Amino acid sequence: MQNVGRMNRAPITSGNLIWSRRTLNLTPHFTLEEMTFSEVAARLGLDNTPGPTVTANLKLVATFMEKIRTLLCDKPIVVHSGYRSAEVNGAVGGVATSAHCHGLACDFVCPAFGAPVEVALAILKSDIGYDQLILEYGWVHVGLAQEGLLSRREALTKRSPWAAYETGIKA
Ligand SMILES: [Zn+2]
């Protein structure tokens, strides 16, 4: 009986921890869970838990994404990737200097607003102060500048995993 009791308690505790992480809203429409979820990390058992600096950065990104959501007529945004630990970034073939590793980037789509190119063009035409805006092959990447650095407001297009970056947002 004693063993059964112990075994019952452990999952409940870990369940609560998972629950609180999943439902921790960084801002009204973005949670810490969606900004740190990584399918690759889950599949390969890699750690993608953010430290305090990254968590603070993710809050900045979420606040930034609220501006983008407003720009996109308040349509729901689906986050593909936010924070990626160095391990996870390496596993997905990300650039070593990726803003994702600092929790300062977000890959997303907004199907109810339009295709990624339409989303990227809307952000390009806005006064939203991104550091990098990249139309990727199937989603949009936005990155913020690290603290103390000026935003470059750089817009690029990458048509495939193998393609070079082109300047501007190209359909
Ligand atoms: Zn990205």
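Visitor: Why is Asp 107 called buried in this predicted model?

Guide: Its relative accessible area is 5%. Buried means under 20%. Asp 107 therefore counts as buried.

Visitor: What makes Asp 107 a donor of the zinc ion?

Guide: Distance. The zinc ion is coordinated by His 100 through NE2, Asp 107 through OD and His 141 through ND1, at 2.0 to 2.1 Å. The cut-off for a donor here is 2.8 Å. These atoms lie within that cut-off, so they count as donors. In sequence the donor residues follow the spacing H-x6-D-x33-H.

Visitor: His 100 is one of those donors. Is His 100 buried or exposed?

Guide: Buried. Its relative accessible area is 1%, and the limit is under 20%.

Visitor: Why is Asn 57 called buried?

Guide: Asn 57 has a relative accessible area of 17%. That is under 20%, so Asn 57 is buried. Asn 57 lies in helix H4, residues 52-71. Not counting residues up to four places away in sequence, it touches His 102, Gly 103 and Leu 104.

Visitor: How do you know that the buried residues of H6 are on the same side?

Guide: The buried residues of helix H6 (residues 116-125) are Val 119, Ala 120, Ala 122 and Ile 123. They cover an arc of only 160° around the axis, so they sit on the same side of H6. Their cover includes H4, strand E4 (105-109), strand E5 (132-135) and strand E6 (140-143).

Visitor: What makes E5 and E6 a pair?

Guide: Bridges. Four of them join E5 to E6, and at least two are needed. The two strands run antiparallel. Leu 135 stands opposite Val 140 in E6. The strands form a hairpin with four residues between them, and Gly 138 in the turn has a positive phi of about 120°.

Visitor: How do you know that E5 also pairs with E7?

Guide: E5 and strand E7 (residues 154-157) share four bridges, in the parallel sense. The requirement is at least two. Ile 134 has Leu 156 as its bridge partner in E7.

Visitor: Why is the pair of Tyr 137 and Trp 139 called edge-to-face?

Guide: The ring centres are 4.9 Å apart, with 65° between the planes. The limits are within 6.5 Å for a pair and over 60 degrees for edge-to-face. The structure holds one aromatic pair.

Definitions and conventions. Residues numbered from 1 in each chain as written. Predicted model: local features only at pLDDT ≥ 70, side-chain atom pairs only at ≥ 80, totals over all residues. Heavy atoms only, no water. Buried < 20%, exposed > 50% of the residue type's maximum accessible area, 1.4 Å probe, protein only. Contact = heavy atoms within 4.5 Å. Donors = N, O, S within 2.8 Å, 3.2 Å for Na, K, Ca; no water. Arc of directions from axis to C-beta. Phe/Tyr/Trp six-rings, centres within 6.5 Å; stacked < 30°, edge-to-face > 60°.
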